[in-house]
Amino acid sequence: MRYFVKVFGCQMNHSDAERISAFLNKYKIKQAASADEADLVIFVTCGVRQSAEDRVYGLINNIQKKYPDKKIILTGCLAHRKDVQRRLKNKVNLYFPISDFQTFENWIIENCLKIENLKLKIPAQDNCRSGIDYLSIKPKYSGIYSAYVPVMTGCNNFCAYCVVPYARGREYSRPAEDILREVKSLVKKGYKEIMLLGQNVNSYLDFLPSDEGRCPKDRGVLRVQQTEATPPPAPSSPEEGRISGVDFPKLLQLIEKIPGKFWLIFLTSHPKDMSDELIETIAKSKKICEYISLPAQAGDNEIIRKMNRKYTIEHYKDLIKKIRTAYGRQEPGSCQLARAGFLPTISTDIIVGFPGETKKQFENTENLLKEMKFDMAYIAQYSPRPETTAWKLKDNVSKKEKARREKVLTEILKKTALANNKKYINEIVEVLVDKYIDPSTKKYLAHTRTQKRIIFYSKKKSLIGQFAKVKIVKAKAFGLEGEII
């Protein structure tokens with residue numbers, strides 16, 4: 001029996017796939033190099049845009065035509081949707097949300113392990129619910145020097161356009177000691193870059209003392225109930241082995257103390273949860289990379305309100321100012337690039353053509369990009385998603401107009417990104433080497449702490465996965481060129 005996992009979408013989906021692979025490998029189900037060579041094909045799907053959804057349909061239809069006896073499993077953002085199940089009727093053997101790992105385990109036991117005549121030791125069940133906490137599964141890391149470490153999953157925000165709360169459920173945070181144990185293990189094994197993941201990573205919150213006895217599944221519900229009027233109780237002495245009352249800034253501070261040289265990155269932040277404490281923590285850190293992803297989604301307050309984003313554009317701009325100011329306040333010598341005037345790198349996400357977005361409202365988004373001078377913006381045309389609040393709104397911005405707006409923002413981004421990148425010329429920066437582009441010419445691809453992509457040449461061997469010093473000699477809008485020192 002051999003399996004193949006096809007992943008669509010975000011880093012969290014790739015991390016989920018690593019846990020699926022680890023689970024299957026544990027029970028001697030081997031990984032195939034392609035879907036053609038596998039007996040079992042697992043799709044970790046993305047439902048953020050229709051284009052990603054359509055690719056899943058196309059691939060499954062092709063597999064069924066070529067290999068009608070091949071078993072197919074579908075998880076990820078499309079797995080729970082009844083319309084998807086109807087469309088793929090008799091083509092998929094199992095649908096399961098990633099949080100319902102027990103269903104996946106039971107299916108594997110019944111349909112795969114019996115074929116191999118293996119004896120399975122079923123993992124102990126959680127005392128407050130049936131099933132497996134899938135985030136506790138030790139992953140089969142796909143990277144050799146860079147690793148994904150999910151710290152939470154799910155979302156409580158219910159943005160009007162977003163499927164995540166429906167696909168993944170409410171927020172669920174991993175115990176801090178589990179995260180620290182995983183990061184320590186990775187650093188000891190020589191990993192150079194750790195990426196903390198979550199749909200809303202800066203809302204991370206480990207158990208509080210009052211939560212003892214609660215099912216981990218209920219953590220997200222607890223967070224929804226807490227307001228400024230009803231703050232959580234003050235932490236008492238933690239039980240042995242349990243770190244209580246850990247929020248995201250505290251988690252970062254604990255990871256910072258882990259010995260060894262490694263870079264720390266986190267994705268993705270929500271502006272409403274970007275606290276002053278978090279800004280200070282990342283600005284002072286020597287391990288947290290100078291890269292912040294802070295999705296704005298739009299530059300107009302009325303559109304932001306319709307999106308249910310729970311902040312104003314004035315608040316968003318103030319956050320960007322605070323972040324840039326915090327880096328500039330650090331002690332001389334602690335952040336050389338900040339003194340050069342081009343740290344940190346800030347990226348954003350933008351949706352164009354949200355229902356009802358007028359040309360004037362879009363112009364406010366144009367102005368946001370011009371004013372904030374982002375290094376990167378992930379710009380997407382609005383795509384109606386079933387189950388979301390926006391699904392009920394009339395999608396009244398034409399495809400042609402959405403494409404025009406996307407092009408306008410892309411041109412602004414190219415100018416601001418190029419201007420930011422030109423500041424790197426003649427600077428010497430540390431990079432982490434990713435791969436050969438052309439082994440015959442020793443052409444390497446690497447990236448900086450600020451997540452700038454760099455091409456450089458070197459006759460040195462075995463640089464992949466290593467830190468190196470590079471002098472920047474050329475800047476483009478979305479990349480740099482350099483010479484190794």
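**Terms and their grounds**

Tutor: Let us begin with an open sheet of 3 strands, in the order β6-β9-β10, with parallel pairing. β6 (146–150) and β10 (263–267) stand at its edges, and each has a single partner strand, so one side of each lacks a neighbour in the sheet. Neighbouring strands of this sheet are turned by 25 degrees against each other on average, direction ignored. This is a predicted model, in which local features need pLDDT of at least 70 and side-chain atom pairs count only at pLDDT 80 or more, while totals for chains, interfaces and linings use all residues. Residues are numbered from 1 along each chain as its sequence is written, and side-chain values use heavy atoms, with hydrogens and water left out.

Student: Why is α8 called roughly parallel to α9?

Tutor: Helix α8 (residues 248–256) and helix α9 (residues 276–284) pack at an angle of about 20 degrees, with their axes 9 Å apart. Angles under 35 degrees count as roughly parallel, over 145 as roughly antiparallel, 65 to 115 as roughly perpendicular and the rest as oblique. The angle therefore makes α8 roughly parallel to α9. The axes are lines fitted to C-alpha atoms, for helices over the stretch in contact, and the angles run from 0 to 180 degrees between N-to-C directions. In this packing, Phe248, Pro249, Leu252 and Gln253 of α8 meet Glu277, Leu278, Thr281 and Ile282 of α9, where contact means heavy atoms within 4.5 Å.

Student: Why is α13 called roughly parallel to α14?

Tutor: Helix α13 (residues 359–372) and α14 pack at about 15 degrees, with their axes 9 Å apart. That angle makes α13 roughly parallel to α14. The residues of α13 that meet α14 include Phe362 and Leu369, and those on the α14 side include Val408 and Ile412. Helix α14 (residues 399–422) also lies across β17 and β18 (479–484), running at about 130 degrees to β17.

Student: Which strands close into a barrel, and in what order?

Tutor: The barrel has 5 strands, in the order β14-β15-β16-β18-β17, with mixed pairing. Its neighbouring strands are turned by 50 degrees against each other on average, direction ignored.

Student: What makes strand β3 largely enclosed?

Tutor: Buried means under 20% relative accessible area, exposed over 50%, and partly exposed in between (1.4 Å probe, protein chains only). In β3 (residues 40–45), 6 of the 6 residues are buried, so the strand is largely enclosed by the rest of the structure. Leu40, Ile42 and Val44 point one way, and Val41, Phe43 and Thr45 the other. In a regular strand the side chains alternate between the two faces of the sheet. Valine 44 in β3 stands opposite valine 7 and opposite threonine 75 in β4.

Student: Why is glutamate 171 called buried?

Tutor: Glutamate 171 has a relative accessible area of 4%, so it falls under the 20% limit and is buried. Glutamate 171 lies in the loop between α5 (164–168) and β8 (172–173).

Student: What joins the side chains of glutamate 171 and serine 203?

Tutor: A polar contact of 3.1 Å joins them. A polar contact is a pair of N or O atoms within 3.5 Å; within protein, one must be able to donate a hydrogen and the other to accept it, and residues adjacent in sequence count only if both atoms are side-chain atoms.

Note on methods:
Helix = DSSP H or I, 4+ residues; strand = E, 2+ residues; numbered from the N terminus. Pairing = 2+ DSSP bridges.
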